[in-house]
Amino acid sequence: MHILLTRTLDDCYNIILKFKSLGHQVSHLPLLSIKKLDYEQIDFSNFKGIIFTSANAVKFLNIKNIDKNLLCFCVGAATEKKARSIGFQNVISSEGNVENLKELVLQNFDKKDGKLIYVSGEIISFDLDQQLLKQGYSIQRIVNYKTNHNKKFDENVVNELKLKIPDMVYIYSQNSASSFL
């Protein structure tokens, strides 16, 4: 089977190796580039929980002044794995859906317990912070990365794709889907 992966190499290197070890042909065409953004200095001691809607939000967060026992909500397994890899101990995952993540927060975090911080990219597909504000939560959103649509691609990869159309394409976000189209 010919599989096309569209994430940055850092984010899909292990899965490329896994698919190749299973005998699949794997092509890699990153649709987006990810860039860290500077954000205001945050006093994380003011927050009782942290929310991540992507592994990139975890990756680009300055973690040196964060209590790793802070209740940590993650959108899916990859984000959860990244959060655990940098030391977060109290992690809950919604398995890849932001609406489920909202429900997970509602069920596991009492709004009377304090403030939440929501760390995300510049472009979001669901206004989680606004939804939680409507439910009476105190929440602050920080944007710590942005995505850009790649416009130039490796000609060898493009030619390879033209010669053999992939049987399967992995698209990881609404933003990636827009870029793919």
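I take buried to mean under 20% relative accessible area. By that cut-off, 41% of the 181 residues of the chain count as buried. The model I am working from is predicted.

**Entry 1: the chain overall**

I counted the secondary structure and found 7 helices and 9 strands in the chain. I then looked up the extent of the C-alpha trace, which spans about 60 × 30 × 30 Å along its principal axes. For contacts between residues at least 6 apart in sequence, I noted that 58% join residues at least 24 apart.

**Entry 2: helix α1**

I checked the length of α1, residues 9-21. At 1.5 Å a residue its 13 residues should span 18 Å, and the end C-alpha atoms are 17 Å apart, which agrees. I also looked for a bend and found one of about 25° at Ile15.

Which residues of α1 are buried? I have Cys12, Ile16 and Phe19 down as buried. An α-helix has 3.6 residues a turn, so residues three or four places apart point the same way. I next asked what the buried residues of α1 pack against. The partners are three strands: β1 (2-5), β2 (25-28) and β9 (168-170). After α1 comes Gly23, and I noted that its phi is positive, near 90°.

**Entry 3: the largest pocket**

I looked up the volume of the largest pocket, which is about 1,400 Å³. Its lining holds 46 residues, and those closest to the centre are Arg7, Ser54, Ala55, Thr79 and Tyr172. I sorted the lining by class and got 17 nonpolar, 20 polar and 9 charged residues.

Which elements each supply at least two residues of this lining? I listed the helices α1, α2 (55-59), α3 (77-85), α4 (98-108) and α7 (174-180). The strands on the list are β3 (32-36), β7 (115-121) and β8 (139-149). Helix α1 from the previous entry therefore turns up again here, as a contributor to the lining of the largest pocket.

**Entry 4: the second largest pocket**

I put the space in the second largest pocket at about 160 Å³. How do its lining residues divide by class? I recorded 5 nonpolar, 3 polar and 4 charged. From the lining I wrote down Lys36, Asp38, Tyr39, Glu40, Gln41, Ile42 and Phe44. The rest of my list for this pocket reads Phe60, Leu61, Asn62, Lys64 and Asn65.

Note on methods:
Residues numbered from 1 in each chain as written. Predicted model: local features only at pLDDT ≥ 70, side-chain atom pairs only at ≥ 80, totals over all residues. Heavy atoms only, no water. Helix = DSSP H or I, 4+ residues; strand = E, 2+ residues; numbered from the N terminus. Expected span 1.5 Å × (residues − 1). Bend = angle between axes of the 7 residues up to and from the residue. Buried < 20%, exposed > 50% of the residue type's maximum accessible area, 1.4 Å probe, protein only. Contact = heavy atoms within 4.5 Å. 1 Å grid on protein atoms, 1.4 Å probe; cavity = no way out; pocket = protein on both sides within 12 Å on 5 of 7 lines; lining within 4 Å. Points joined across faces, edges and corners; volume = space filled by probe spheres on them. Nonpolar A, V, L, I, M, F, W, Y, C, P; charged D, E, K, R; others polar.
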